[in-house]
Amino acid sequence: MQRILFFLIVIVVVSCKKDKKKIDYLGVVNLEVSGNENAIPHFEKGLLLLHSFEYEDAREAFLKAQEIDSTLAMAFWGEAMTFNHGLWRGQNYEEGYAAVQKIGELKETTNLTSLERDLLEAVELLYKPKTPKNERDQDYMKYMKALNSKYPDNHEVAAFYALSLLASASEGRNDSIYGLGADIAKKILKENAKHPGALHYLIHSYDDPDHAELALDAANSYSKVAPDASHALHMPSHIFVALGMWDRVIASNIDSYGASVNRMKAKELDNDARGYHAYHWLEYGYLQKEELEKAEKMVFDMQTYSRETPSRRARVHLLFLKSTFLAETDLWDHDIANIEIDDSGFNISLKAKKYFLEGMKAFKTNNKKQIDFVIDSLSAKIKGEALLMQNIESGFSVCASVNRSMPSESDIDESEVFKLQLMALRSWMHNDLKKANDLLAESVSLEDKLSYSYGPPSITKPTKELYAEFLLSQGRYEEAVQMYKGALKKGPKRLVPLKGIKKTALLLKDDALVKEVDLELNSI
């Protein structure tokens with residue numbers, strides 16, 4: 001078979017089935033790839049989808065390229081890459097390793113470029129046998145750093161190096177690492193403003209309130225550059241949430257969720273093809289705008305989807321929508337509070353979120369026996385999961401697939417925050433106000449140490465908001481205002497703390513503060 005070297009300048013990816021004349025708008029990449037000319041467009045499409053984390057569709061494209069050209073080594077590289085989800089803290093090791101194994105013979109029998117050989121070596125590091133996942137991530141990142149120095153003008157090497165940096169921060173945000181990732185992405189965008197990976201990774205680098213303004217242009221561009229990738233339609237909302245731009249959050253996630261539903265119908269897939277992540281963020285946006293009927297309907301619709309397709313993913317997102325609705329509305333007597341959720345397969349932070357909901361219901365109804373049961377149950381779960389995490393860190397099952405059901409240090413810490421909150425509520429119920437105060441202060445301190453959680457708060461009821469409500473109940477108005485303002489630093493323009501400040505300002509008869517908050521509320 002004749003092999004041809006292509007220089008790809010991909011403005012769009014055109015389907016090989018010319019009779020359909022389908023055009024996929026996924027962005028622009030520049031890469032040298034050797035292979036059969038009929039397989040190349042499928043590889044191109046897979047690469048573009050890979051940058052937008054459309055892993056299943058990317059894999060489908062890479063497998064199609066392999067079908068056409070079984071010696072196209074980079075198509076096997078792409079397949080392996082689709083099984084590694086660094087930023088999502090997940091990896092299907094077995095499937096990825098199987099794809100890597102297909103590469104071995106091709107390196108010996110196929111005429112490959114130096115860059116191709118280096119990228120094939122890189123992906124093998126992600127699936128190195130008998131090596132803990134965090135060590136593989138670090139080795140891969142260091143290798144990509146070396147490749148970035150070796151190929152300083154190659155955008156794909158730079159983009160995957162930037163992504164490897166973000167993924168190497170295994171326990172959350174690290175400003176120096178994320179800043180370096182952002183610098184690499186910006187350098188790519190200066191030369192190729194339509195590179196989907198550079199736009200995507202720049203947004204991830206800056207999706208917190210302190211940096212979000214720096215990625216606003218990228219957020220405005222990404223959905224236009226890659227409108228056929230559902231995740232690209234969602235990603236701008238990472239910036240919009242961090243800036244409290246609720247109308248933009250809603251619009252972005254309407255588009256993203258709608259695109260996922262269209263794909264689901266076109267491919268005749270089940271409910272797990274729905275963009276539940278965007279769906280949750282859409283609900284959160286509606287709640288910040290006090291569009292309660294829309295948010296309420298979404299929770300019950302999610303309950304229906306979960307019943308129809310009771311996957312772990314569906315059940316997790318039902319928990320997300322339920323908890324967000326209750327925390328943002330404070331309607332703990334709503335029918336939504338009674339929705340049952342099967343938590344089998346959930347990690348400890350998700351179980352803790354569920355326990356918190358039950359504990360808060362007990363607090364609202366003054367059910368002391370129930371809150372004792374919830375706290376005891378959660379404490380036992382945390383203890384068991386901490387032991388499991390120690391086994392994982394010591395090298396147990398180092399070659400097993402890694403997914404979000406496995407505990408991490410941040411999962412344990414989040415769970416401890418929930419436990420402290422519940423213990424504070426119990427003390428409050430028993431009128432042990434000093435103990436309640438101390439536990440809330442401890443919870444605030446621990447939560448402040450957690451990595452910034454972009455999007456709907458991972459701690460269902462941010463402790464500063466809960467603490468502010470306690471302070472308000474005790475007539476400690478000035479302290480309550482400061483605690484609410486502290487909450488706004490991580491959640492700009494969140495409705496709960498803004499309304500809390502206004503309520504407190506009215507009690508203080510602070511007209512200037514009331515006016516200030518009203519201006520902010522009117523801007524939402």
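Is Tyr97 buried, exposed or partly exposed? Tyr97 is partly exposed, with a relative accessible area of 28%. The model described here is predicted. This briefing covers its aromatic rings, of which 18 pairs are found in the structure. A pair of aromatic rings is described by the distance of the centres and the angle of the planes.

**The pair Tyr93 and Tyr97**

- The ring centres of Tyr93 and Tyr97 are 5.6 Å apart and the planes stand at 10°, so this pair is stacked; planes under 30 degrees apart count as such.
- Both residues belong to helix H4 (residues 93-101), where they are four residues apart, about one turn of the helix.
- Tyr93 has a relative accessibility of 5% and therefore counts as buried, whereas Tyr97 is partly exposed at 28%.

**The pair Phe356 and Phe418**

- The rings of Phe356 and Phe418 have centres 5.6 Å apart and planes at 45°, so the pair is tilted.
- Phe356 is in helix H18 (residues 348-364) and Phe418 is in helix H20 (residues 409-429), so the pair ties together parts that are 62 residues apart in sequence.
- Phe356 and Phe418 are both buried.

**An aromatic cluster**

- One aromatic cluster is formed by Phe43, Phe62, Trp77 and Phe160.

**Charges over rings**

- Arg59 has its charged end over the ring of Phe83, at 4.0 Å from the ring's centre.
- Arg274 is placed over the face of Tyr305, 3.9 Å from the ring centre.

How values were computed. Residues numbered from 1 in each chain as written. Predicted model: local features only at pLDDT ≥ 70, side-chain atom pairs only at ≥ 80, totals over all residues. Heavy atoms only, no water. Phe/Tyr/Trp six-rings, centres within 6.5 Å; stacked < 30°, edge-to-face > 60°. Helix = DSSP H or I, 4+ residues; strand = E, 2+ residues; numbered from the N terminus. Buried < 20%, exposed > 50% of the residue type's maximum accessible area, 1.4 Å probe, protein only. Lys NZ or Arg CZ within 6 Å of the ring centre and 35° of its normal.
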